[in-house]
Amino acid sequence: MKKALALILFLMLLACLMGCAASDSPEETNAKSILNLTQATAPPSEEPIDVEIKDISLVKTQKAYNNDYEYYLVETESNEWGYAELRNEEVLCFYVGYPRSEAETRCNDAATYRLSNLGGLGE
């Protein structure tokens with residue numbers, strides 16, 4: 001009886017820990033699956049490459065002309081950083097090969113640039 005109770009407690013604890021490990025939001029999980037199927041561009045060669053995403057963070061969302069824009073900071077399994085811009089879950093750009101600080105700056109600049117091109121209609 002004690003072994004069964006201990007096993008049940010162990011399984012409950014394991015389930016709780018697994019739930020805590022899944023910290024990505026639904027948007028991040030969806031973007032990660034989309035980007036894992038997309039080749040990234042890496043400077044300076046600008047050649048498309050396959051990357052494995054280690055982590056992804058939603059930086060900003062915008063809505064303009066009935067389109068949803070999302071900007072993500074991406075860390076690859078090879079510990080490089082990059083950023084991605086999606087419109088209605090379609091990849092507009094996906095660049096990797098930067099230090100984290102530069103990837104963050106480029107991600108924010110892409111959002112600012114897109115908003116200025118859309119006439120300031122973002123939300």
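**Group meeting talk: strands, a helix face and some pairs**

Among contacts between residues at least 6 apart in sequence, 41% join residues at least 24 apart. Keep that in mind as we go. One caution: this is a predicted model.

Let's take the overall layout. The protein has three helices and six strands. Starting at the N terminus, the order is α-α-β-β-β-β-β-β-α. There are 123 residues, and 28% of them are buried. The protein exposes about 8,000 Å², with carbon and sulfur atoms supplying 56% of that.

Now look at strand β4, residues 67–76.

Who are the partners of β4? On one hand, strand β3, residues 53–64, pairs with β4 in the antiparallel sense over ten bridges. On the other, β4 pairs with strand β5, residues 81–87, also antiparallel, over seven bridges.

Both pairings come with hairpins. The hairpin of β3 and β4 has two residues between the strands, and Tyr-65 there takes a positive phi near 50°. The hairpin of β4 and β5 has four residues between the strands. In that turn, Asn-79 has a positive phi of about 60°.

Tyr-71 stands opposite Glu-85 in β5. Lys-63 stands opposite Asp-68 in β4. Lys-63 and Asp-68 also form a salt bridge, with the closest N and O atoms 3.1 Å apart. Lys-63 is partly exposed at 33% relative accessibility. Asp-68 is partly exposed too, with a relative accessible area of 37%.

Stay with salt bridges. The whole structure has five. Another one of them joins Lys-54 and Glu-75, where the closest N and O atoms are 3.8 Å apart. Lys-54 sits in β3 and Glu-75 in β4, so this pair ties together parts 21 residues apart in sequence. Is Glu-75 buried or exposed? At 13% relative accessibility, Glu-75 counts as buried. Lys-54, at 40%, counts as partly exposed.

Arg-106 pairs with Glu-102, the closest N and O atoms being 3.0 Å apart. Both lie in helix α3, residues 100–117, four residues apart, which is about one turn of the helix. An α-helix has 3.6 residues a turn, so residues three or four places apart point the same way. Arg-106 is partly exposed at 33% relative accessibility, and Glu-102 is partly exposed at 31%.

Next, helix α2, residues 26–36. Which of its residues are buried? They are Glu-28, Ala-31, Ile-34 and Leu-35. Seen down the axis of α2, these fall within an arc of 125°, so they line one face of the helix. The buried residues of α2 pack against β3, β4, β5 and β6.

Last, the aromatic rings. The structure holds two aromatic pairs. In one of them, the rings of Tyr-83 and Tyr-98 have centres 6.3 Å apart and planes at 35°, so the pair is tilted. This pair links distant parts of the chain: Tyr-83 is in β5 and Tyr-98 in strand β6, residues 90–98, 15 residues apart. Tyr-83 counts as buried at 8% relative accessibility. Tyr-98 counts as buried at 9%. Ring pairs link Tyr-83, Tyr-95 and Tyr-98 into a cluster.

Key:
Residues are numbered from 1 along each chain as its sequence is written. This is a predicted model: local features need pLDDT of at least 70, side-chain atom pairs count only at pLDDT 80 or more; totals for chains, interfaces and linings use all residues. Side-chain values use heavy atoms; hydrogens and water are left out. Two strands pair if DSSP finds at least two bridges between them. Rings of Phe, Tyr and Trp (its six-membered ring) pair if their centres lie within 6.5 Å; planes under 30 degrees apart count as stacked, over 60 as edge-to-face and the rest as tilted. Buried means under 20% relative accessible area, exposed over 50%, partly exposed in between (1.4 Å probe, protein chains only). Contact means heavy atoms within 4.5 Å. Accessible areas come from the Shrake-Rupley method with a 1.4 Å probe; for residues, only the protein chains shown count as cover. The arc is that of the directions from the helix axis to the C-beta atoms. A salt bridge is a side-chain nitrogen of Lys or Arg within 4 Å of a carboxyl oxygen of Asp or Glu.
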